[in-house]
Amino acid sequence: MKTDIEKIISLCKRRGIVFPSSEIYGGFASCYDFGPLGVELKNNIKRAWRDEMTKFHENIVGLDAGILMSPKIWKASGHLTAGFADELVECKKCHKRFKKDELKSQKCPECNGELTKSRKFNLMLKTFVGSVESEATATYLRPETCQGIYVNFLNVLNSARMKIPFGVAQVGKAFRNEITTKNFIFRLLEFEQMEMQWFCESKTSDKWFKYWKNERLKWYYDLGIEKENLRIIEVPEKERAHYAKKQIDIEYKFPFGWKEIEGVHNRGDYDLSNHMKHSGEDLRYYDEQSKKKYIPHIIETSAGVERILLAFLCEAYTEIKGGRTKTTKAKKEEEIVLKLNRRLAPVKAAILPLVKNKPELTKKAKQVYELLKPHFACQYDELGSIGRRYRRQDEIGTPLCLTIDFESLENNDLTIRFRDTMKQERVKIDELTETVRNKLV
Ligand code: GAP
């Protein structure tokens, strides 16, 4: 059953995953903050992506280029020209801007004012470097992270002694002056991208395009997205990004419809040849076998962290009417279980003394917490009934609950309870680190 996005928003706020930005000042449209659990979830997504790229694939190295770069880059990349602009109309009265193709009437949807003719507005956020604000000191917050990779192509090639085909992977912030503000964290002004640029010979680019499309789909399936909730859209030429020779969008079936979460692009030699032209540097690759120089072609995989986080939340959110527990009181309540993949879950194990006011139990439980804390993201919780504490952990997707009871004091063991099945298993504390590790695989 698909979930209502309002329920996800409420869970995110209640459990410290996502907060509206600047809330005490009335908010700031299309901006959000990530709370204690949101940070962990985001980091786990980024780690899973980085591992996939640089550990599980050969010949991909990392990079962390800056957000601020020479404004010349944005001229060379085509972002300063019409290539990176939205067709907008502006209200003559309140000066709000709207996407022309999303308007239902010829009047301003906010104040009914008259609208201007549509014109192109660049999506880049401008800033100034230095003490004077002028066109000469203007630069832009990067709207995509990959340009940092292209302008470092030679640095990476030479310092890491890479041979084509090879990839460079980067995770970092990107900024776009978006004007559509619906659908929670789907479209943001400030967001993170996970981008990998694969440099290859032109004649192999179709093969690699297909390869990376399949690899990216597999990554989502491995992390728990059902096949029926993902689809591939071949983007027709007139809708493609200005740099793309070929483009597919990976779309997820959100509660508000099918929407793009990642793009795979064949950028051809667009980027390196433009940077070569504008910088005057020779960005060609010397092939030792053929003894020839050529401009490598680029296959790009480009994913948005927050959109993927939202997709994982929608996929994992499971509501159980009447609850799963047998007590009549709990039955009346509805239970939420966040069935996140174990690699993504912000908390891996919760350590729970059966009751709070028994010092010998809490002492033992704290010892278990200290034992596991260096190895796994753990939470210690002694507040409320054990049933309520299990439900709190289910709601944030904690795969394992470890309960310390009176038997634990005698036998040096505890109960592991599994989130999805609620099955319980008795295990020895002496072997706990290894046992928990095995259960999290
Ligand atoms: N370098 C290629 C590039 O940036 P894109 O399709 O414009 O391609 C790639 O963006 C991904 O970045 C999208 O699939 C989406 O996940 C994410 N993204 C783009 N704009 C976004 C925004 N305003 N808010 C959140 N994520 C965004």
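Predicted model: local features only at pLDDT ≥ 70, side-chain atom pairs only at ≥ 80, totals over all residues.
Residues are numbered from 1 along each chain as its sequence is written, and side-chain values use heavy atoms, with hydrogens and water left out.

**View 1. Helix H7 (residues 270–279) and its buried residues.** Helices (H or I, at least four residues) and strands (E, at least two) are DSSP runs, numbered from the N terminus. Asp271, Leu272, Asn274 and His275 are the buried residues of H7, where buried means under 20% relative accessible area, exposed over 50% and partly exposed in between (1.4 Å probe, protein chains only). Seen down the axis of H7, these residues fall within an arc of 165 degrees, so they line one face of the helix; the arc is that of the directions from the helix axis to the C-beta atoms. The elements they pack against include helix H3 (71–76), helix H4 (146–151), strand S10 (190–200) and strand S16 (297–304), with contact meaning heavy atoms within 4.5 Å.

**View 2. Helix H13 (residues 432–439) and its buried residues.** Leu432, Thr433, Thr435 and Val436 are buried in H13. They are on the same side of H13, because they cover an arc of only 165 degrees around the axis. Helix H10 (359–372) and strands S21 (400–404), S22 (413–418) and S23 (424–428) pack against the buried residues of H13.

**View 3. Strands S17 (residues 317–320) and S18 run antiparallel.** Four bridges join S17 to S18; two strands pair if DSSP finds at least two bridges between them. Glu319 has Ile336 of S18 as its bridge partner. S18 (residues 335–338) is covered on both faces, with Glu335 and Val337 buried on one side and Ile336 and Leu338 buried on the other.

View 4. Phe186, Tyr252, Phe254 and Phe256 form one aromatic cluster. The whole structure has 16 aromatic pairs. Rings of Phe, Tyr and Trp (its six-membered ring) pair if their centres lie within 6.5 Å, and planes under 30 degrees apart count as stacked, over 60 as edge-to-face and the rest as tilted. Over the face of Phe186 lies Arg307, at 3.8 Å from the ring centre. Arg417 lies over the face of Tyr390, at 4.3 Å from the ring centre. A charge sits over a ring if NZ of Lys or CZ of Arg is within 6 Å of the ring centre and within 35 degrees of the ring normal.

**View 5. The loop between H5 and strand S9 (166–175) holds Pro165.** Most residues other than glycine have a negative phi, and most peptide bonds are trans. The peptide bond from Ile164 to Pro165 is cis, with omega near 5 degrees. Arg161 is also in the loop between H5 and S9. Although not a glycine, Arg161 has a positive phi of about 50 degrees. Arg161 counts as exposed because its relative accessibility is 71%.

**View 6. Asn412 in the loop between helix H12 (406–411) and S22.** Phi of Asn412 is positive, near 50 degrees, in a residue other than glycine. Its relative accessibility is 24%, so Asn412 counts as partly exposed.
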